[in-house]
Amino acid sequence: RGRQVATPCLIDSLPPASYRLGRHPSRIPPHMAAMLLDALGVDPTKQSPEMLENQQGISTLLESRGLSPLESEDIVSKWLLGHRLLTYAPPLRFPGDLRVVCAAEPMPTHAMDDMGIEELPRRLWQGHIDGGLSVATVPGNHMSMMSGDNLYHVAAEVDSWIAEVTSEALR
């Protein structure tokens, strides 16, 4: 079973059943690209549709927000990899507790449809763990929770988790 680890904390991770539609994009779909840009403070309505469908265009806009070319490419490739892994290789059972910090608002349905995802409740992670599940809800949707004042709520939940894990480690 391996070694014991501290309780993991997932940030708005959808449960594996959300990916059961079995479609995985080879690029970030335009609706998701628009939400990503909006979360970074770039008005997607002022971008051409061609740019929203162009991975290099997305990377260039990410770079305009201060990310390096490697960081912007990394965001795109990791997102796509994570999507494929959850679609085709859902995680094994985890033999412990799990904390999920999730967004209070759902993502727009059209964006989820573009990605072949059904946004299911985060409580469904319980089916993948042997321990307890703690779900904390913060303002915003999957994208907007990581910007503006919403980010303070996410940070507070992560700080709480760090304090809990640290106190457990000291026992």
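I began with contacts (heavy atoms within 4.5 Å) and noted that residues 24 or more positions apart account for 77% of the contacts in the chain with a separation of 6 or more. I kept in mind that this is a predicted model, in which local features need pLDDT of at least 70 and side-chain atom pairs count only at pLDDT 80 or more, while totals for chains, interfaces and linings use all residues. Residues are numbered from 1 along each chain as its sequence is written, and side-chain values use heavy atoms, with hydrogens and water left out.

Next I looked up the elements, taken as DSSP runs numbered from the N terminus (helices: H or I, at least four residues; strands: E, at least two). I found six helices and three strands, in the order β-α-α-α-α-β-α-β-α along the sequence.

For burial I used relative accessible area with a 1.4 Å probe and protein chains only (buried under 20%, exposed over 50%, partly exposed in between). Buried residues make up 34% of the 171 residues in the chain.

I then turned to helix H6 (150-170), whose buried residues are Asn-150, Val-154 and Val-165. They lie on the same side of H6, because they cover an arc of only 40 degrees around the axis, the arc being that of the directions from the helix axis to the C-beta atoms. These buried residues pack against strand E1 (9-11) and E3, whereas Tyr-152, Asp-159 and Leu-170 are exposed on the other side of H6.

Last, I placed Met-146 in the loop between strand E3 (133-138) and H6, and I noted that Met-146 is partly exposed, with a relative accessible area of 42%.
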